[in-house]
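The stops below are given in the order in which to select them.

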Amino acid sequence: MISVRSTNVREKWQQVMLEATKYFNVEILQDEVIKVAVQKGEPSEPPDSRQFCCEMFGALACRLDSSSIEKLLLSKVIWLCQDTDYTVRMSMCAQLNSVARAVGLIKTKELISKELFELLGDEEAEVARVALTALVDMLSFFDQTYRKEHILPILRRYVAKPPKQLHQLLLSLFGRYLFELSEDIDSDEDTRLFCTFFKSAAYRTYQDSQSTQWRELCAFNFPAVIKSIGVKKYSIYLSSTYKALCEDSSTETRKKMASGFHEVCSIFGEKAMHHLKDCFLSLLQDSDLEVQYTIMCNLSTILQTFNDPSIPELERNELMIQCVAPISQYEASVRHTWRKVSSLLKHFHCFPVIFPSEVLHDKFIPILFHHLERGAAVIKGDCARLLMLFTRHLNNNHLQVEIFNRLLSEFGQSPSYWHRQTFVLVCMQFISHFSRKLFREKMLEVCLALAEDPVPNVRASLASIMPQIKRTLKPPAPIELMSTFTERLAWLAVDVDADVREAARIAESQIEDSHMRRRVDEEEELIDRQREHEENTLLEVAQEQEKQRRRQALRDMIAEQDKSILPSGVHHSHSAPTGSKTRQTGSTLTKTSSNLGRMNIGPSAKVGRPNSHERLQPYRKPIGKVSPLPSTDRINDSTKLPDQLPHRRSGSAGTHPRTRQDGPYISADDTRKRSPSSMPTVLPTLQVPSNPRGSNTKRMPLTH
């Protein structure tokens with residue numbers, strides 16, 4: 001098939017033959033394939049067949065030993081380098097690197113190098129370009145002496161007076177051959193010569209496509225150029241050129257500078273701050289989002305280089321503060337493109353070490369909360385992990401507790417199942433970054449409550465992290481928590497949803513496997529004890545804030561009782577003095593305002609329209625004075641909230657000091673002064689939240 005008349009058919013089958021050469025046995029290659037390749041290189045064959053012969057020689061050079069190549073192919077290779085058709089010369093020149101490495105350095109210097117140098121001056125520009133590329137490819141193959149004596153003079157002549165047909169190629173390969181020749185260039189004159197050639201192209205500001213391409217090639221090669229000449233010579237020859245390209249008018253040039261900036265930082269090391277600070281800020285604040293995206297792709301590497309301990313702390317902090325605004329603005333610009341947001345979040349892991357605690361809380365934690373609430377599902381895991389990492393590194397315990405409380409209220413107890421499912425991810429990361437004790441104190445109750453969530457997705461998510469929750473209940477955790485955990489896991493195991501049951505089954509098997517191993521991870525235990533020791537103050541702050549919340553809830557409850565104790569149509573007279581009486585039109589109810597504050601109301605009572613058929617009966621026996629509800633200035637830790645007040649039956653020991661009808665408190669004196677006919681004919685329905693954490697309340701009218 002490689003000998004048919006149709007050129008298209010021959011070319012297709014020739015590619016198949018080249019690919020098959022990689023898998024033939026060496027015996028088949030020597031006995032059959034070489035004969036076919038040599039035959040296709042005869043002068044009588046068409047040019048495309050001779051090109052195929054050149055490509056076959058390159059493929060065979062990678063499979064055969066040097067003696068076989070020297071004996072069977074080398075003479076034919078030299079002859080094809082002098083072929084009358086320039087396309088054949090191009091094809092053979094492209095394979096010289098493979099053939100030279102196969103036959104060895106000595107034969108290459110004797111035979112192949114001469115042909116290569118002649119091809120550099122070929123009358124066809126395409127042949128000369130291929131020859132220059134082959135020469136650069138072979139630089140690492142030649143020894144230093146040979147490079148310095150034969151190759152360096154050629155390249156020095158090219159950069160001094162670059163041929164028009166090779167100028168752009170010399171720029172595109174500049175970093176490669178300068179790096180290979182860096183050990184051979186030992187004079188300042190040679191360094192100046194190469195840098196001058198490079199700068200002349202970088203400063204070419206003509207408004208044409210060729211000038212723009214040249215500046216892009218310079219930007220692409222800049223890291224290799226700096227690596228070749230060193231930091232000292234960079235500050236002498238190329239520092240201004242680097243800054244100019246970072247501020248180039250071409251967006252593609254700035255993108256290429258941004259794509260290699262992290263490599264340049266690695267080369268400079270601790271000196272990067274001094275040389276590259278302005279260039280970095282210029283690229284970070286670039287007006288083009290693609291340039292910003294390119295520099296952000298290596299943000300963590302760059303920031304960690306600038307954060308070297310050898311750099312003065314004041315200088316480091318100044319630079320880091322200047323980086324905050326561009327990073328925040330970039331995130332706001334790409335907020336609705338989750339792929340770019342995900343790429344940016346991958347570099348946030350180094351921020352706790354680089355930025356102050358205040359910056360983390362004020363600038364970056366709001367970003368994480370935003371994406372936890374509204375971001376794509378694929379980035380929520382990263383956001384949860386980073387949020388816990390940042391919270392861990394905050395120096396202010398009050399701010400940490402505020403974040404925990406916000407997670408509980410806005411996610412764990414959110415009306416949105418999407419947020420409750422996100423809360424499960426947060427809990428998993430909480431376990432990884434904080435102690436078990438803190439998780440039990442702050443998160444466990446709300447987390448386990450999700451076992452009763454009405455949405456199966458939330459329950460399935462909870463079931464998937466039950467093994468991690470189980471590890472937080474190791475002794476000395478209270479036994480009651482383990483009982484609650486076991487109960488919730490049992491609920492999930494018999495859930496009505498099949499996916500939830502499957503997730504619970506997997507969790508149970510993982511827990512069982514961990515029990516069978518019975519191996520205590522000493523490192524994990526040590527880390528947890530260390531975290532718990534560090535979080536002592538944090539726990540105290542969390543407990544104190546919880547006490548304050550409970551006190552405020554009780555104050556609010558008392559205030560609500562004072563507002564809603566009167567029946568409809570009765571209002572406080574703010575102008576009346578204490579002890580004055582307020583009358584209800586059309587009713588015989590009379591009550592002093594001082595007694596209103598001492599009314600005792602059940603926790604489940606709720607305000608409503610009074611029922612006209614209900615009548616208040618007089619007390620059957622006088623009762624003593626009832627102690628009022630505790631005032632806000634006497635609230636202590638043992639004070640119970642409305643949802644914790646005990647419900648006792650009237651008449652029993654220690655009963656709530658009310659009459660059987662559980663109505664508003666009426667003193668014994670008032671009872672004696674009034675006749676049954678003067679008692680109010682209707683009984684108001686009172687409303688007090690039964691649970692200060694939620695809005696689920698029950699309506700319970702006051703009974704007779």
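Select threonine 472 and isoleucine 469: a polar atom of the threonine 472 side chain lies 2.5 Å from the backbone oxygen of isoleucine 469. A polar contact here is a pair of N or O atoms within 3.5 Å; within protein, one must be able to donate a hydrogen and the other to accept it, and residues adjacent in sequence count only if both atoms are side-chain atoms. This is a predicted model, in which local features need pLDDT of at least 70 and side-chain atom pairs count only at pLDDT 80 or more, while totals for chains, interfaces and linings use all residues. Residues are numbered from 1 along each chain as its sequence is written, and side-chain values use heavy atoms, with hydrogens and water left out.

Threonine 472 sits in the loop between helix H32 (466-471) and helix H33 (479-493); helices are DSSP runs (H or I, at least four residues), numbered from the N terminus. Its relative accessible area is 1%, which makes threonine 472 buried (buried is under 20%, exposed over 50%, partly exposed in between, with a 1.4 Å probe and protein chains only). Beyond neighbours within four places in sequence, threonine 472 is in contact with Ile431, Arg436, Phe439, Arg440 and Ala477, contact meaning heavy atoms within 4.5 Å.

Next, select arginine 89 and aspartate 122, whose side chains form a salt bridge with an N to O distance of 3.1 Å. The pair is 33 residues apart, with arginine 89 in helix H6 (residues 86-94) and aspartate 122 in the loop between helix H8 (105-120) and helix H9 (125-137). Both residues are buried. A salt bridge is a side-chain nitrogen of Lys or Arg within 4 Å of a carboxyl oxygen of Asp or Glu, and the whole structure contains 31 of them.

Move to aspartate 186 and lysine 148, a salt bridge with its closest N and O atoms 2.8 Å apart. Aspartate 186 is exposed at 54% relative accessibility, whereas lysine 148 is partly exposed at 37%.

Now select the cysteines. How many disulfides are there? The count is 0, a disulfide being a pair of cysteine sulfur atoms within 2.5 Å. The sulfur of cysteine 447 is too far from its closest cysteine sulfur, in cysteine 427, for a bond, at 3.8 Å. Cysteine 447 is buried, at 0% relative accessibility.

Finally, select helix H22 (residues 313-333), which has 21 residues. Its buried residues include Leu319, Cys323 and Tyr330, and the buried residues of H22 pack against several helices, among them H19 (272-284) and H25 (357-374).

Technical notes
Helix = DSSP H or I, 4+ residues; strand = E, 2+ residues; numbered from the N terminus. Expected span 1.5 Å × (residues − 1).
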